[in-house]
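Me: I have some questions about the terms used for this model, and I would like each term set against its cut-off.

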Amino acid sequence: MEIGIAASVSELDGVQWDALSDGSPLLSHAFLSALEHSGSVGEGTGWQPMPLTVRRDGKLIGAVPLYLKHHSYGEYVFDWSWAGAYTQHGGEYYPKLVAAVPFTPITGSRLLAHDLMLQAHMAEVLRDTVQRLQLSSAHVLFPDEQSAEVLSGLGWLRRQGVQFRWHNQGFASFDEFLMTLTHDKRKKIRQERRKVDTAGVICRRLLGAEIGEREWDFFYKCYVNTYLEHRSSPYLTQAFFHELGERLPGNVMLVLAERDGRRIGAALNLYDTDCLYGRYWGALAYVPNLHFELCYYQAQVFCIERGIRFFEGGAQGEHKLARGFVARETCSFHHIAHPDFEAAIRHFVSREAVGVSHYQQELDERAPYRKPG
């Protein structure tokens with residue numbers, strides 16, 4: 001076997017990469033290389049691609065979507081306090097190694113190999129790379145169950161988190177889904193949708209080739225506006241969305257909102273046969289409840305029509321409970337090079353896990369669905 005670090009995902013064979021992945025469009029060679037081509041990751045962004053590769057007879061048999069990070073933005077697993085403590089004690093926390101899909105808090109495979117022993121070996125290589133490059137740490141964000149099991153078995157520090165997911169239980173219609181909710185939640189959703197309709201808003205869902213340059217440019221304005229309203233800077237470039245539409249047309253769904261013949265908002269989703277991933281949204285005019293209609297209800301209707309089982313709503317947002325989502329556990333794994341800091345962070349994560357477990361129990365108690373009987 002030949003183990004190496006590539007300069008980018010783009011330079012790797014796309015067919016071989018996708019054969020190792022879990023099939024999610026967000027982990028695909030097309031998605032990750034579009035981030036690189038568009039300048040969303042790479043020089044000046046704090047995300048330096050350096051995918052780990054394992055080859056046998058020239059063929060890619062293992063890989064990790066790996067980045068050298070110079071900050072902690074765009075990760076959705078927050079370690080700013082770790083970085084601050086590290087710096088206060090005279091250390092340099094950045095750069096660090098991060099195995100993740102940039103700007104994407106979606107659970108998926110991170111140790112890309114069909115052989116469990118090879119997955120374990122790649123995890124050990126990550127630790128060795130931290131030592132060889134004299135880095136502070138390595139972090140594996142939102143791994144799937146198999147990757148998590150491998151990392152846990154090797155003693156990586158496990159951190160617990162919570163996200164929200166909607167489960168399509170084979171609903172024949174949106175009304176059938178509503179009937180599974182408690183009366184007050186059902187009534188609230190109907191009122192919210194009625195207010196959007198009364199405001200004269202018309203929503204359209206566009207797929208793949210139906211999304212032209214004008215639609216992508218309009219969506220980008222909405223996307224940027226969301227960041228401006230939160231006094232932040234967008235991570236993704238306009239070129240990224242255009243390339244996404246060109247390279248993954250069978251996996252993109254754009255919801256457009258119009259009023260009086262003028263477009264006022266948009267929401268972008270990626271999807272496959274089993275799951276829809278809610279990603280980005282924005283609006284150029286305020287309409288009460290437009291966010292819920294574009295980001296949740298239109299996506300749920302789409303899932304029902306297509307028979308898609310799950311809708312991943314992304315990180316944070318307790319308001320998702322009232323829209324039929326339920327809390328589920330997520331995790332990340334961490335290797336800290338400095339033994340004293342590793343011990344301190346392990347203690348912190350252990351205490352934090354107790355609070356996260358209590359929080360998830362509270363969310364479960366607030367589940368929006370009717371009790372049986």
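Me: Why is D184 called partly exposed?
Reply: In this predicted model, D184 has a relative accessible area of 45%. Buried would need under 20% and exposed over 50%, so D184 falls in between and counts as partly exposed.

Me: What makes the contact between K185 and D184 a salt bridge?
Reply: The closest N and O atoms of the pair are 3.5 Å apart. The limit is 4 Å between a side-chain nitrogen of Lys or Arg and a carboxyl oxygen of Asp or Glu, so K185 and D184 qualify.

Me: How do you know that D175 and R190 form a salt bridge?
Reply: Their closest N and O atoms are 3.8 Å apart, which is within the 4 Å limit. D175 belongs to helix α6 (residues 174-178) and R190 to helix α7 (residues 183-198), so the bridge ties together parts 15 residues apart in sequence.

Me: What makes D274 and R309 a salt bridge, and which parts does the pair tie together?
Reply: The N to O distance is 2.8 Å, within the 4 Å limit. D274 lies in the loop between β11 (262-271) and β12 (275-283), and R309 in the loop between α10 (290-306) and β13, so the pair ties together parts that are 35 residues apart in sequence. D274 is partly exposed at 31% relative accessibility, and R309 is partly exposed at 41%.

Me: How many salt bridges does the structure hold, and which residues are linked in a network?
Reply: There are 21 salt bridges. K69, E75, D79 and K96 are linked in a network of them.

Me: What makes Y73, F78 and W80 a nonpolar surface patch?
Reply: The three residues make a patch of about 340 Å². Membership needs over 30% relative accessible area. W80, in helix α3 (residues 80-88), has 38% and is partly exposed, so W80 passes that cut-off.

Me: Why is T53 called buried?
Reply: T53 sits in strand β3 and has a relative accessible area of 6%. The cut-off for buried is under 20%, so T53 is buried. Not counting residues up to four places away in sequence, T53 touches E2, I3, G4, I5, A6, L12, L60, G62 and A63. The C-alpha atoms of T53 and I5 are separated by 6.0 Å, although the two residues are 48 apart along the chain.

Me: How do you know that β3 pairs with β1 and with β4?
Reply: Pairing requires at least two bridges. Four bridges join β1 to β3, and E2 stands opposite R55 in β3. Five bridges join β3 (residues 52-56) to β4, with R56 opposite K59 in β4. Both counts meet the requirement, so β3 pairs with β1 and with β4.

Me: What lies between β3 and β4?
Reply: The two strands form a hairpin with two residues between them, and D57 in the turn has a positive phi of about 55°.

Me: Why is β4 called largely enclosed?
Reply: Five of the six residues of β4 (residues 59-64) are buried, so the rest of the structure largely encloses this strand.

Me: How do you know that β8 and β13 pair?
Reply: Strand β8 (residues 157-167) and strand β13 (residues 310-315) share four bridges in the antiparallel sense, and at least two are required. They count as paired, therefore. The bridge partner of H167 is F310 in β13.

Definitions and conventions:
Residues numbered from 1 in each chain as written. Predicted model: local features only at pLDDT ≥ 70, side-chain atom pairs only at ≥ 80, totals over all residues. Heavy atoms only, no water. Patch = residues over 30% accessible without salt bridge, like charges linked within 9 Å, V, L, I, M, F, W, Y side chains within 5 Å. Areas by Shrake-Rupley, 256 points an atom, 1.4 Å probe, with all protein chains shown as cover. Buried < 20%, exposed > 50% of the residue type's maximum accessible area, 1.4 Å probe, protein only. Contact = heavy atoms within 4.5 Å.
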